[in-house]
There are 2 protein chains.
Amino acid sequence: MPLQNGLPHSDLVTFKVACKDCSLYQLCLPVGMGEKDLELLERIVNRRRPLERGEYLFRIGDPFRCFYTVRSGTVKSSVLMADGREQVTGFHLPGEIVGLDALASGRHDCAARALEVTSVCEVPYDHFEKLWETVPNLPRQMMRIMSNELAQERVQLVQLGQKTGAERLAAFLLSLSARLHRRGLSESEFHLSMSRTDIGTYLGLAEETVSRLFTMLQELGVLTVSRRHVCIQDFERLRLFAHPISGHSEFF
Amino acid sequence: MPLQNGLPHSDLVTFKVACKDCSLYQLCLPVGMGEKDLELLERIVNRRRPLERGEYLFRIGDPFRCFYTVRSGTVKSSVLMADGREQVTGFHLPGEIVGLDALASGRHDCAARALEVTSVCEVPYDHFEKLWETVPNLPRQMMRIMSNELAQERVQLVQLGQKTGAERLAAFLLSLSARLHRRGLSESEFHLSMSRTDIGTYLGLAEETVSRLFTMLQELGVLTVSRRHVCIQDFERLRLFAHPISGHSEFF
DNA sequence: CGAATCCTTGAACACCTTCAACAGGGGTGG
DNA sequence: CCACCCCTGTTGAAGGTGTTCAAGGATTCG
């Protein structure tokens with residue numbers, strides 16, 4: 001596959017789509033912002049040509065200049081270990097934000113790559129920071145988003161630390177289903193934009209194990225799956241796989 | 001052990017120790033702040049009586065009102081799954097911040113508990129937010145800290161997702177060693193404030209496995225360990241355990 | 001059509017868990 | 001001060017879950 005470089009910083013085409021006209025703005029950065037503030041934000045956002053499948057948004061080691069919000073498509077972020085093992089750290093759907101973890105170090109320490117044709121909004125961080133002065137709600141909003149990401153990553157920590165393969169895959173599918181649903185898509189029937197290998201490295205499993213688990217869930221009648229097309233038949237039982245029965249559910 | 005409640009919100013004793021006189025202020029929230037801004041921050045910080053071992057800083061479900069910085073001791077944060085399995089999500093050493101992940105949801109969705117006698121600085125979030133207006137550097141600093149936490153959690157994701165038991169324990173010990181060193185303590189010889197069980201649930205391993213791995217590392221001469229006293233003998237080999245040799249280390 | 005990629009399935013094996021028993025501090029009370 | 005107990009940590013053996021290696025099938029794209 002062609003390993004293209006990250007986007008050059010002076011791109012040619014930009015797409016003008018106002019934040020307030022974007023179907024995602026209830027899921028994206030501008031949540032809860034007034035129309036006036038929105039216009040200010042909008043002015044600094046760049047919208048480029050869509051990324052091709054496999055194209056990098058940024059790579060490990062790239063200096064941090066911008067963060068991105070996904071408009072359509074899917075972005076995968078991952079780190080590569082010294083011995084070649086890959087850990088996928090997240091899949092980013094439309095409305096979600098990519099690249100904020102690089103703020104502290106000033107460099108991206110994970111790579112972000114399009115899993116399919118994907119368009120993003122690019123937010124230059126220096127401009128964004130300047131905007132705080134006039135839009136005091138912005139840093140507040142931003143911290144909420146980062147806090148949310150922290151909480152999300154913690155959920156993933158629990159998945160990886162304590163759960164079995166079946167629990168992880170079930171929870172992954174339910175999370176995907178819920179997120180797609182919030183974007184107006186079907187919660188029961190959807191297309192996986194990522195490979196079995198990607199799912200595996202995200203969930204800390206071998207690709208073969210993921211494949212076997214899909215087969216198992218299908219044989220049990222919980223879902224049907226054909227390559228990347230998934231149809232959840234029995235949400236109740238899928239939830240049972242994801243969150244096994246509690247003998248005692250008090251938090252004491 | 002006595003399960004005490006979280007700290008009441010109107011505590012009696014407060015300890016006045018200025019941030020600028022605190023030995024931790026190079027590691028803590030005030031990093032890079034001017035003396036004037038520091039005083040403003042200081043005014044809103046509460047310093048309470050130290051927590052006893054086992055005492056909760058906050059519990060799952062508690063409303064988010066404050067976040068905390070550790071002054072001395074160690075804090076463990078963890079979540080409890082429905083079936084009783086625990087996942088430790090972090091150990092917090094002096095200078096580190098606890099509780100920020102609750103910002104988005106408004107509730108703590110993990111518990112924080114003292115592993116030994118521990119004192120903390122309590123920062124009421126509403127006051128803290130007000131302070132932004134007069135100290136514009138504060139949200140910037142805060143985001144850096146949150147971004148850093150995101151990056152840290154990602155490291156932990158990689159540990160849990162891709163690494164073997166020995167790699168995880170080695171990486172854990174090296175991380176602990178480095179953090180203690182930055183606080184002026186020995187990097188080669190230190191006391192573990194957490195039990196084998198805690199280490200295990202943090203690393204996604206059974207307590208017995210942790211014990212066996214310690215024994216193995218000791219038999220190999222990498223370290224000596226007696227209960228909670230650890231002495232690292234061979235950093236080079238410990239690093240080799242944590243980061244196995246790369247066949248090809250180019251990031252391509 | 002052929003090549004490459006992705007997915008599936010099987011079998012052997014490794015790593016870690018679970019269950020069980022025991023050792024050794026540290027604290028408490030006699 | 002010692003006996004006792006509880007808690008933590010260690011060690012052993014058996015078993016399970018997931019990995020690795022290997023091969024074959026399916027889909028896509030040039």
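Predicted model: local features only at pLDDT ≥ 70, side-chain atom pairs only at ≥ 80, totals over all residues.
Local features require pLDDT of at least 70 and side-chain atom pairs count only at pLDDT 80 or more, while totals for chains, interfaces and linings use all residues. Residues are numbered from 1 along each chain as its sequence is written, and chains are lettered from A and ligands numbered from 1 in the order in which they are written.

The contact between the chains draws 50 residues from chain B and 50 residues from chain A, two residues being in contact if their C-beta atoms, placed from the backbone, lie within 7 Å. On the side of chain B that touches chain A, two or more residues each come from β4 (75–80), β5 (86–92), α2 (125–134) and α3 (137–162) of chain B. Here helices (H or I, at least four residues) and strands (E, at least two) are DSSP runs, numbered from the N terminus. The largest share of this side, 19 residues, belongs to α3(B). By class, the side comprises 23 nonpolar, 16 polar and 11 charged residues; Ala, Val, Leu, Ile, Met, Phe, Trp, Tyr, Cys and Pro count as nonpolar, Asp, Glu, Lys and Arg as charged, and the others, Gly among them, as polar.

Helix α3 of chain B includes B:Ile145. This residue is buried, with 20 other C-beta atoms within 10 Å; the term applies at 20 or more such atoms, with exposed meaning 12 or fewer and partly exposed the range in between, for C-beta atoms placed from the backbone. Neighbours within four places in sequence aside, B:Ile145 is in contact with B:Leu29 and B:Ile97. Its C-alpha atom is separated by 9.4 Å from that of B:Glu96, 49 residues apart along the chain.

In chain B, 4 strands form an open antiparallel sheet in the order β2-β7-β4-β5, where strands pair if DSSP finds at least two bridges between them. β2 (56–58) and β5 of chain B each have a single partner strand and stand at the edges, so one side of each is left without a neighbour in the sheet. Neighbouring strands are turned by 30° against each other on average, direction ignored. β4(B) and β7 (residues 111–114) of chain B pair in the antiparallel sense over 4 bridges, and B:Lys76 has B:Arg113 in β7(B) as its bridge partner. Helix α3 (residues 137–162) of chain A lies across β4 and β5 of chain B and runs at about 120° to β5(B). Axes are lines fitted to C-alpha atoms, for helices over the stretch in contact, and angles run from 0 to 180 degrees between N-to-C directions.

DNA strand C is surrounded by 18 residues, of which A:Ser195, A:Ser211, B:Thr164, B:Gly165 and B:Thr209 are the closest; a residue is near a strand or molecule if its C-beta atom, placed from the backbone, lies within 6 Å of it. α6(A) gives the most to this surface, with 6 residues. The surface near DNA strand C divides into 4 nonpolar, 7 polar and 7 charged residues. Around DNA strand D there are 19 residues, and A:Thr164, A:Gly165, A:Thr209, B:Ser195 and B:Ser211 come nearest. There, α6(B) gives the most, with 6 residues, and the classes are 4 nonpolar, 7 polar and 8 charged.
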